[in-house]
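Subject: Structure handover

Hello,

Here is the structure I promised to pass on. Please open it first, then read the notes below.

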Amino acid sequence: MAVAERLASELEALPPASPVAVQMSVDAFPEVLRGVLELFAARRELPVIYVTATIPSSRLIPVLSGLGIDPSRLSFVDCAPLMMVGSGKEGQQVVYVESPTMLENIMLKIDFLLRRTSGEGELVLIDSINTLAIHNSTWVLAEFLSILLPILEAKNASTVILALEEPASQELQSLLQHFCAKVLRAGGEEGTA
Amino acid sequence: MPRRVEERERCPTGVDALDNILYGGIPRANTVLLTGSCGTGKTSLALEFLIHGAAAGEIGLFISVTEASSKLLENIIPYDFFEDMLIKKGRLVFVDLPVIYEKLGLEKTELNPEEVDLLVNAIADLVRELSAVRLVMDSVTSVCYKLRSEEMIRDFILKLGKVLSGQGCTSILVSEIAPGAQRYSMYGVEEAIADGIILMDNLERRGDLLRTLQVIKMRGTTHSRAKYVLDLTAEGVLLVPLLKGGSSAGAA
């Protein structure tokens, strides 16, 4: 089974609103996006909040379109360092956080978008924990997840946290295993927290 | 047998997280000092308190001291929950204090004790006439500029708080302080008299500037004293706890 299909079926098998981590190689990134956003979220008609810390939304949206993913169904919290790529225009679809160090503001923007949509049943995709870990200590990230994930669970929103396998530290892997109901490996072996 | 303390009725601010912090809202008829330096979101929060009240059928009075209310309304955040009808139906009333000064003949730089009484009575009359149960004065500091001594400031706030409380009016007095001030009000008097203090601040952390909110005191309820980060949005004021690791990692 292809990576995207397998990932989608694994996500479908999980209880609703479970926080999940997806560990993947860089090469698997497009297939993971297709699996999570197209095959899983679109099939279930889940509104998606895409937190992008690595690729600015202005560059990500065309990439998603190229993968056959309809970006109009997605809202973005764009925290890719803003001044380095030119400031984007905030609108209904994209809200900006100045820096990935402003984790509280990321939570606030997710809350804002949840209120803007139905407020229940959304999928929140965090891309990626590795980029957030470049800008924040593991301790702060743990605190961030310990606040964010229960809030999302309470709102019946599912969370998928993307993690690159290669540069991930043991600390980061432990963090994901601690906070996520399941750690999936895209296309490979899967582990359970 | 110990006397059972009755739970005070609450005046929900309508800001979900703040009402959670206050275990349901501001105890009704409290006079709360909403204090902070410029750009921290005091006026937005105070306005939201009135708008949510008006939407729930509670008449709110906004007394604008420094800025003309027409200008204030032009710059208001386009709240999703705000409707012009609230103003048209008289549930949300804006009054410019300079207009009251003019009517009372108090257009001067300093007020004497008798004139302070006149002003307090005029505000009380307005609250009574409108049947207002929520009031915001933005800012009380600008009124205090007209008072010569700490005693007069104390007297003004005590009297104002008493008449508003006596009419069951829950009030927010917006107070301006300098950035980094080590007290909660300009004169150090206001904070001692108010029933509650909500501090709004800017926190610089590793070059990021975060807006924060902290309830310092609130008579009549237990409450969280933790610091929260806030965002001013079209959905209103949103709050999340300040990450502690974050604040210790490099707070200014």
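One definition before the findings: two strands pair if DSSP finds at least two bridges between them. Please also keep in mind that this is a predicted model.

**Strands in chain B**

Start with strand β8 of chain B, residues 196-205, and strand β9 of chain B, residues 208-218. They run antiparallel, and 10 bridges join them. β8(B) and β9(B) form a hairpin, with two residues between them. Look at Arg206(B) in the turn: its phi is positive, about 50°. For a pair to find on screen, take Glu204(B), whose bridge partner in β9(B) is Leu209(B).

β9(B) has another neighbour to look at. Three bridges join β9(B) to strand β10 of chain B, residues 227-233. These two strands are antiparallel as well. Here Thr212(B) has Val229(B) in β10(B) as its bridge partner. While you are there, recall that side chains in a regular strand alternate between the two faces of the sheet.

**Chain A**

Chain A has eight helices and eight strands. Of its 193 residues, 48% are buried. Take the contacts in chain A with a separation of 6 or more: 77% of them come from residues 24 or more positions apart.

How do α1(A) and α2(A) cross? Helix α1 of chain A covers residues 3-13, and helix α2 of chain A covers residues 29-44. Their axes come within 8 Å and cross at roughly 50°. Therefore α1(A) is oblique to α2(A). The crossing is right-handed.

Several residues meet there. α1(A) brings Val3(A), Ala4(A), Glu5(A), Leu7(A), Ala8(A), Leu11(A) and Glu12(A). α2(A) brings Glu31(A), Val32(A), Arg34(A), Gly35(A), Val36(A), Leu39(A) and Phe40(A). The residues of this contact divide into nine nonpolar, one polar and four charged.

**Where the chains touch**

Which helix gives the most to the side of chain A that touches chain B? First, the counts: 19 residues of chain A are in contact with 16 residues of chain B. On the chain A side, α5 (103-116) and α7 (138-154) each supply at least two residues. α5(A) gives the most, with nine residues. By type, the chain A side divides into nine nonpolar, four polar and six charged residues.

Best wishes

Definitions and conventions. Residues are numbered from 1 along each chain as its sequence is written. Chains are lettered from A and ligands numbered from 1 in the order in which they are written. This is a predicted model: local features need pLDDT of at least 70, side-chain atom pairs count only at pLDDT 80 or more; totals for chains, interfaces and linings use all residues. Two residues are in contact if their C-beta atoms, placed from the backbone, lie within 7 Å. Helices (H or I, at least four residues) and strands (E, at least two) are DSSP runs, numbered from the N terminus. Ala, Val, Leu, Ile, Met, Phe, Trp, Tyr, Cys and Pro count as nonpolar, Asp, Glu, Lys and Arg as charged, and the others, Gly among them, as polar. A residue is buried if 20 or more other C-beta atoms lie within 10 Å of its own, exposed if 12 or fewer, and partly exposed in between; C-beta atoms are placed from the backbone. Axes are lines fitted to C-alpha atoms, for helices over the stretch in contact, and angles run from 0 to 180 degrees between N-to-C directions. Angles under 35 degrees count as roughly parallel, over 145 as roughly antiparallel, 65 to 115 as roughly perpendicular and the rest as oblique. A crossing is left-handed if the near helix is turned anticlockwise from the far one by less than a right angle, and right-handed if clockwise.
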